Amino acid sequence: MGLSVEVVETTELGDRSYVAHDGAVAVVVDPQRDIDRVEAVLARHGLRCVLVVETHIHNDYVTGGHELARRTGAAYLVAAGDDVSFDRDAVSDGDVRTAGSLTVRVVATPGHTDHHLSYVVSRGAESAVFTGGSLLFGGVGRTDLVDPDRTEELARAQFRSARRLAAELGDDVPVYPTHGFGSFCSSGSAAAGASSTIGDERRRNDALVEQDEDAFVTKLVAGLTAYPSYYAHMSALNRQGPGAPDLSPPEPVDPDELRRRIRAGEWVVDLRDRTAYAAEHVGGTISIALGDRFSTYLGWLIPWGSPLTLIGETADQVADAQRQLVRIGVDRIAGAAVGAPSELAKPEEVRTYPTATFADLARARADAGVHVIDVRREDERAAGHVPGSTHIPLHSLLDRLGEVPRGRLWVHCAAGTRAAIAASLLARAGHDVVLVDDDFAANSHRFG
């Protein structure tokens with residue numbers, strides 16, 4: 001057997017972890033918090049984990065690396081330049097480690113973070129590079145997370161790091177980034193696909209196609225958009241060496257206790273589909289449907305450390321949500337209720353609001369008292385918007401509720417996901433809402 005790589009996908013955060021192995025021993029790269037998924041890969045292939053390596057101190061999730069190394073007895077490779085409160089194998093540029101027949105070479109690739117590392121894993125003449133938040137598919141990792149004032153400085157470092165990898169590695173070397181599959185840690189012209197090589201990236205990657213460093217930096221900085229507020233807490237948690245998550249079932253919450261929590265203003269989040277929520281929900285709850293962006297949007301909006309109660313259709317749905325949440329450091333929820341709204345609240349506490357299309361909105365705009373709330377990002381609105389609409393990006397909504405007009409509110413985003421969350425927050429605040437559950441790009445001609 002040659003060098004094999006197993007991919008552990010975390011689509012909800014847009015990240016990938018990897019298990020590189022020779023059939024007997026393994027090197028695990030950037031594992032997520034719920035390491036049981038990695039342990040299942042190791043068990044399935046009969047592998048012994050010898051090295052756990054971190055490309056950087058992550059900003060978008062809590063690592064499982066420290067706990068995986070503890071459980072397996074593997075060496076834990078973390079950049080020597082990073083200030084951490086746990087024991088590790090502190091590695092720097094040029095260091096080499098072995099794992100069975102595998103050789104692991106450390107390459108300094110600063111830019112996404114100050115001490116970012118890439119790892120070239122080889123078996124004989126066969127190699128692969130694990131690039132973390134450095135060289136991604138089509139682009140690179142964003143450079144404004146360490147310090148916004150150093151964005152340009154780190155963008156220049158990112159340009160040079162990407163080009164160093166391309167200069168040192170052959171065209172046929174596979175590239176395995178951690179970010180770039182929907183993660184807010186990525187930037188530039190992200191490319192789709194399950195795989196890439198150094199040769200592929202030479203032909204399409206922003207940092208390799210653009211020959212002028214100044215032009216690359218200008219483009220990268222101009223393309224940076226807002227990122228989730230919970231990122232502010234991830235680095236500190238990862239520097240402490242997080243332990244195993246608690247995925248045991250949360251405390252059951254009965255209707256009386258659910259009512260008390262809602263009246264106290266606590267966050268009670270309904271996991272059902274947005275259209276089901278609009279048709280019937282417990283008044284005072286918030287709609288964040290369980291899906292690929294559940295933990296991202298919940299972590300972005302909820303005040304950090306606030307008690308959180310979930311409402312699911314099934315216990316399995318609650319467990320799925322809980323797994324997503326531990327990845328961003330929400331380790332325990334205050335409780336969960338399972339059932340339909342009619343089972344969890346009195347009839348007079350069950351609420352509804354209408355859904356509509358952009359065609360409906362175009363017709364309704366002729367009526368007095370109709371207000372349109374656009375909750376997309378700044379860059380999205382700049383590309384086109386409903387004339388006369390009020391623009392409040394979803395991540396700013398709770399801080400800007402005082403700016404929301406009175407009257408019926410037609411709430412929209414690009415495709416409905418963020419609008420559904422915003423509509424529930426506005427309804428919770430006492431507004432009369434209509435959820436525009438439709439695709440804006442396909443309907444922008446209605447408002448030209």
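This is a predicted model: local features need pLDDT of at least 70, side-chain atom pairs count only at pLDDT 80 or more; totals for chains, interfaces and linings use all residues.
Residues are numbered from 1 along each chain as its sequence is written, and side-chain values use heavy atoms, without hydrogens and water.

Two packed helices are described by the angle between their axes and the distance between the axes. H10 covers residues 294–301 and H11 residues 315–326; they pack at about 60°, with axes 9 Å apart. Helices here are DSSP runs of H or I with at least four residues, strands are runs of E with at least two, and both are numbered from the N terminus. Axes are lines fitted to C-alpha atoms, for helices over the stretch in contact, and angles run from 0 to 180 degrees between N-to-C directions. H10 and H11 are therefore oblique to each other; angles under 35 degrees count as roughly parallel, over 145 as roughly antiparallel, 65 to 115 as roughly perpendicular and the rest as oblique. Phe294, Ser295 and Leu298 of H10 meet Ala321, Gln324 and Leu325 of H11, where contact means heavy atoms within 4.5 Å.

The next element is a sheet. Six strands form an open sheet with mixed pairing, in the order S1-S2-S3-S4-S5-S6; two strands pair if DSSP finds at least two bridges between them. S1 (4–10) and S6 (89–91) stand at the edges with a single partner strand each, so one side of each has no neighbour in the sheet. From one strand to the next, the twist averages 25°.

Within the sheet, S3 (residues 25–29) and S4 (residues 48–53) pair in the parallel sense over five bridges. Valine 29 stands opposite valine 53 in S4. Helix H2 (residues 65–72) packs on the sheet, touching S3, S4 and S5 (75–79), and its direction makes about 150° with that of S4. Helix H1 (residues 36–45) lies across S1, S2 (15–21), S3 and S4, and runs at about 150° to S1.
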